[in-house]
Amino acid sequence: MKRNYFAVALLWLSMGYGSAIAQQRSEILLEKDWKFTRADQEAFTNAKYNDSKWQNVTVPHDWAIYGPFSANNDKQHVAIAQDGQKEASEHAGRTGGLPFVGVGWYRNKFKVPAFNKGKKATIIFDGAMSNATVYINGKKVGFWPYGYNTFHFDITEFLEAGQENTLAVRLENFPESSRWYPGAGIYRNVHIVVTEAAHIPVWGTQLTTPVINQEFARVNLKTKLAATGQIADGQFQLSTEIKDASGKVVASAKTPLSKYDQGTFNQEMIVLKPELWDTENPTLYTALSKLYEGKELKDEYSTTFGIRSIEIIPNKGFFLNGKKTQFKGVCLHHDLGPLGTAVNDAGIRRQIRIMKDMGVNAIRTSHNMPAPEFVKACDEMGMMLMAETFDEWKEPKQKNGYHQYFDQWAEKDLVNLIHNYRNNPSVVMWCIGNEVPEQGIVGAAKIAKFLQDICFREDPSRFVTQGMDNPGAVINNNFAATMQVAGFNYRPFAYPEAYKKLPQQIILGTETASTISSRGIYKFPVTRRAMPIYEDLQVSSYDVEHCSWSDLPEDNFIQHDDLPYAIGEFVWTGFDYLGEPTPYYTNWPSHSSLFGIVDLAGIPKDRYYLYRSHWNTNANTLHILPAWNFKDRVGQTTPVFVYTNYPSAELFINGKSQGRKTKDTSFTVYNTGDKKSLEAFDRQKRYRLMWMDTKYEPGTVKVIAYDAKGNAVEEKEIRTAGAPHHLELKADRTKLTADGKDLSFVLVSVVDKDGNLCSEDTREISFKAKGAGKFHAVANGNSASLESFQAPKMKAFSGQLTAIVKADEQAGVVYFEASAKGLKSSVLKIEVTKAGK
Ligand code: GAL
């Protein structure tokens with residue numbers, strides 16, 4: 001029988017848990033040969049239990065993403081108070097309509113060759129959803145309720161040296177415990193670490209860079225020692241080398257531990273001419289520490305870090321390395337659409353790549369702790385992070401929400417988050433809560449202070465905020481004043497009042513916009529609408545629709561452009577996510593969000609180009625909407641919008657000029673915002689070019705963009721598509737690593753013979769993969785589609801979908817084929833190599 005002896009030296013090294021170079025420390029990743037069941041019996045804890053009939057799964061694993069969808073999965077009969085609902089109603093799709101509720105058991109048999117008497121062993125779960133009870137060899141090891149957090153247990157006493165060990169994990173998800181799809185199962189990685197008795201414990205280092213200038217950076221490294229018995233002065237020494245990105249040693253220190261050090265080595269090192277980490281050049285360094293007892297090497301541990309400064313100056317803003325930097329941020333839930341919540345590096349990196357191309361420089365991991373792979377990718381790709389914790393404190397939003405655990409677990413959960421990520425340069429801020437009902441309770445500011453003080457205690461080097469959506473209360477009851485950074489969700493019209501009353505003299509848009517749109521769907525007439533409901537369960541991609549509490553992108557751009565104390569925003573949301581199909585609360589089969597700037601399949605909606613035109617200052621954007629393929633609109637008013645960074649443009653329909661438009665900078669935050677101005681799209685006129693009276697006729701829509709000096713600098717054309725002809729395939733990556741995990745995301749489009757997108761086509765497309773990879777999953781971004789994410793076929797939505805191909809462990813070539821009735825099929829070649837990338 002195959003076992004899980006995966007020496008993951010490199011992975012481990014890069015995850016920041018410590019290195020696997022020394023024999024003194026070894027790591028195993030428990031990935032393969034897990035057994036899984038949805039049954040629930042006490043006997044499953046028993047090492048001898050025969051689980052051979054259970055399902056074979058690989059971890060990370062999300063048991064619920066395989067469906068089937070049903071209105072009865074976690075149907076919630078509630079009134080959503082935060083959304084202003086007074087009466088309870090049936091919310092079927094609120095948590096995604098997938099079967100995550102209930103119990104699941106996982107078992108894994110493993111050996112730990114490096115473990116013997118005198119050694120220490122620790123098990124680390126990056127995250128397990130949820131209420132994890134962990135057993136080894138029939139004995140209970142521990143319990144951790146919060147599904148989003150990383151937790152670890154000392155399992156030294158539970159392991160059998162040289163023998164097979166049995167790990168059993170019971171998980172249980174309760175109904176009405178979430179406001180979105182939480183996923184289910186051991187959806188993140190599981191590690192076993194073996195060390196000497198004297199070692200550096202999990203998250204045992206804390207690295208800060210208290211002084212940074214052009215000449216040098218002072219690096220302070222605090223390293224905990226875990227050892228048994230009395231420790232004599234000088235018995236242990238720590239030798240640390242700092243290496244730059246090329247592996248060159250740039251600083252070092254050797255430090256004995258004295259009895260006054262209280263078990264923590266304190267090392268100061270100087271890096272000359274440091275290369276700073278920022279979002280353009282995310283330079284990383286590594287501190288490699290060796291622990292010695294006398295001359296004997298006991299442990300090696302590596303800490304990846306960046307050298308960068310962060311500062312908030314009242315009335316001026318947020319500064320990264322001394323440079324004023326607005327947060328051009330998005331909120332992201334943790335699911336990866338059709339992949340569910342199961343962590344996948346390729347999926348995570350694709351999300352970050354797409355966001356970066358849009359100009360995003362920061363992500364808020366709403367409303368909980370991110371996966372280690374996510375933080376690592378942000379470190380390496382140059383993305384700032386606001387790492388979040390809780391959607392509830394003591395007051396419930398959900399019957400079975402986190403409030404039940406808060407008293408006993410909040411501090412432990414917060415400490416684990418901070419210890420896990422306090423050396424990661426991408427993390428610039430901790431977020432201690434989201435729209436907690438405590439906002440309205442006099443005296444509850446004490447809880448905010450309690451949590452914020454934990455952050456300061458564990459990591460004085462980062463900012464602390466929370467997302468508040470009750471400005472009326474919090475600016476008058478100390479709640480907002482308590483926060484180091486006052487973070488507001490929505491209601492930007494309340495920023496001036498908050499600024500006037502609060503001491504911080506800075507406002508952060510922790511959550512903004514919640515504009516809603518469906519990719520490729522256009523509604524008429526084009527007017528601003530709150531909470532629109534349409535029969536097709538979609539909303540308009542003209543980007544004029546929002547929720548009753550929310551607004552449009554420009555309603556926020558204008559705040560952060562015009563108010564010197566507004567330091568940027570985190571838009572709800574970068575990608576669509578499973579669950580929360582607002583405004584279709586009660587309209588099954590609607591079951592995934594419409595908030596995303598990018599849809600659930602990872603395909604940009606029109607709105608993507610609006611943000612890109614404003615945020616991505618390194619690239620030009622020139623995007624025309626709507627798709628020019630209407631069957632029944634000839635002669636009817638069909639506005640054309642252009643999203644561009646250029647100040648003006650002229651529009652032509654079938655060669656006939658529709659006039660030139662210029663962004664109207666006379667609109668400011670001070671002279672807009674009343675109902676009339678909002679309805680007249682005044683703010684939009686400053687950021688988008690809109691021809692409101694154009695009439696539809698099939699043919700060509702062309703735009704010529706002009707720069708500030710009036711030179712014609714770029715043009716773009718879209719055409720009415722002819723008859724659907726073939727399938728066009730475009731992969732995000734055509735070279736994959738042969739690791740059985742790497743993914744290629746293939747955009748499949750129905751096009752006419754000239755390659756024009758047939759944006760109204762909804763035919764079913766089927767997939768086949770041959771060779772060194774497999775078809776893995778598919779999504780089309782239609783929030784009302786109940787088609788399986790795993791079946792190798794799906795209907796196109798607005799002419800497109802994304803199919804996902806997974807690499808095998810063997811190198812070779814994958815031929816991926818997409819076919820559909822009435823169309824020429826297409827084949828795409830993907831290379832799978834051991835080296836990858
Ligand atoms: C906010 C909340 C988010 C999401 C969003 C939708 O109030 O923090 O989790 O529900 O509204 O607009």
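This is a predicted model: local features need pLDDT of at least 70, side-chain atom pairs count only at pLDDT 80 or more; totals for chains, interfaces and linings use all residues.
Residues are numbered from 1 along each chain as its sequence is written, and side-chain values use heavy atoms, with hydrogens and water left out.

Helix α2 covers residues 345-358; helices (H or I, at least four residues) and strands (E, at least two) are DSSP runs, numbered from the N terminus. The end C-alpha atoms of α2 are 20 Å apart, which agrees with the 20 Å that its 14 residues should span at 1.5 Å a residue, the expected span being 1.5 Å times one less than the number of residues. At the start of α2, a side-chain oxygen of Asn 344 comes to within 3.0 Å of the backbone nitrogen of Ala 346.

Because 10 of its 14 residues are buried, α2 is largely enclosed by the rest of the structure; buried means under 20% relative accessible area, exposed over 50%, and partly exposed in between, with a 1.4 Å probe and protein chains only. Among the buried residues are Ile 348, Ile 352 and Met 355, and the buried residues of α2 pack against elements including β23 (327-331), α3 (372-381) and β46 (800-807).

Six bridges join β13 to β14 (residues 216-224), and Ile 212 stands opposite Ala 217 in β14.

Elsewhere, Leu 167 has its place in strand β11 (residues 165-173) and is buried, with a relative accessible area of 0%. Leu 167 and Tyr 135 are 32 residues apart in sequence, yet 5.8 Å apart in space, C-alpha to C-alpha. Leaving aside residues up to four places away in sequence, Leu 167 touches residues including Leu 30, Trp 34 and Tyr 135, contact meaning heavy atoms within 4.5 Å.

Finally, the ligand is surrounded by residues including Arg 179, His 367, Asn 434 and Glu 511, a residue being near a molecule if one of its heavy atoms lies within 4 Å of it. An oxygen atom of the ligand is 2.9 Å from an N or O atom in the side chain of Asn 434, and for Glu 511 the corresponding distance is 3.0 Å.

Definitions and conventions
A polar contact is a pair of N or O atoms within 3.5 Å; within protein, one must be able to donate a hydrogen and the other to accept it, and residues adjacent in sequence count only if both atoms are side-chain atoms. Two strands pair if DSSP finds at least two bridges between them.
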